[in-house]
Amino acid sequence: NGGAGKFAESLSAELPGASVFHIEQKTATALRRQGYTICSMGTEPRVSLPFSTGGKDKSDLRRALNRSVKAGVVVRELDAREFASYEKEIATLNRQWLSNRRVYRREFRFLARPYVGRDQSGERRFVAFADGLAVGLAVYDPVYQDGLVVGYFEAIVRCFTTSLAGVRDHLTITAMRVFAEGSE
């Protein structure tokens, strides 16, 4: 509990009005001791990597991935420079996705962060392409433990509503395969 306690003390001293999301129980306990109000709202699943799509219980996932691959969808992780070259396409994808949400005038900002078109520190971006056009986007934020990146959190997923079947799953599975080297 030393790391969580030090974090809570540091936060309390340096940023007393800060809000913290997606934290482990030991961090929540340490923050509570510093006078923070803690509102527990569920659990974040951890997926052990490498991830297998084998087995009867993952047949729907395999089918979705196979449909996407068969339709010619390709998913790639893009660095900041590559991502910038698709900025207009991805902005269109984001607007179209938002227009099909119940509250379409603004991004949801409670437990999810809004999409930001510019490069954010540590985030990783995966884009699904069909016929050379961007049809899906997944953005992953780093998860830190003791100052080191230990995994990634799927912060944003956007797909055209008219997108080919399985694109969302294709994005997630591709990212999990890329992250399989030492992350959760």
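This is a predicted model: local features need pLDDT of at least 70, side-chain atom pairs count only at pLDDT 80 or more; totals for chains, interfaces and linings use all residues.
Which residues of helix 5 are buried?

1. **Buried residues of helix 5.** The buried residues of this helix are I90, L93, N94, Q96, W97 and L98.

2. **Length of helix 5.** Helix 5 comprises 13 residues (residues 87-99).

3. **Packing of helix 3 against helix 6.** Helix 3 and helix 6 (residues 167-179) pack with their axes 8 Å apart and at an angle of about 100 degrees. Because angles of 65 to 115 degrees count as roughly perpendicular, helix 3 and helix 6 are described as roughly perpendicular to each other. On the side of helix 3, the contact is made by L61, A64, L65, S68 and V69. Helix 6 contributes V167, D169, H170, I173 and R177. By class, this contact has six nonpolar, two polar and two charged residues.

4. **Salt bridges in the whole structure.** A search of the whole structure finds five salt bridges. Side chains of opposite charge can pair when their charged atoms come close.

5. **D60 and R63.** These two residues form a salt bridge in which the closest N and O atoms are 2.5 Å apart. Both belong to helix 3 (residues 59-70), and because D60 and R63 are three residues apart there, about one helical turn separates them. D60 has a relative accessibility of 54% and therefore counts as exposed, whereas R63, at 44%, counts as partly exposed.

6. **E82 and R76.** A salt bridge joins the side chains of E82 and R76, with an N to O distance of 3.3 Å. E82 has a relative accessible area of 24% and is partly exposed. R76 likewise counts as partly exposed, at 33% relative accessibility.

7. **E123 and R125.** What is the setting of this pair: buried or exposed? The side chains of E123 and R125 meet in a salt bridge at 2.5 Å, N to O. E123 has 10% relative accessibility and counts as buried. R125, at 3% relative accessibility, counts as buried as well. The cut-off applied here is that buried means under 20% relative accessible area.

Methods
Residues are numbered from 1 along each chain as its sequence is written. Side-chain values use heavy atoms; hydrogens and water are left out. A salt bridge is a side-chain nitrogen of Lys or Arg within 4 Å of a carboxyl oxygen of Asp or Glu. Helices (H or I, at least four residues) and strands (E, at least two) are DSSP runs, numbered from the N terminus. Buried means under 20% relative accessible area, exposed over 50%, partly exposed in between (1.4 Å probe, protein chains only). The expected span of a helix is 1.5 Å times one less than its number of residues. Axes are lines fitted to C-alpha atoms, for helices over the stretch in contact, and angles run from 0 to 180 degrees between N-to-C directions. Angles under 35 degrees count as roughly parallel, over 145 as roughly antiparallel, 65 to 115 as roughly perpendicular and the rest as oblique. Contact means heavy atoms within 4.5 Å. Ala, Val, Leu, Ile, Met, Phe, Trp, Tyr, Cys and Pro count as nonpolar, Asp, Glu, Lys and Arg as charged, and the others, Gly among them, as polar.
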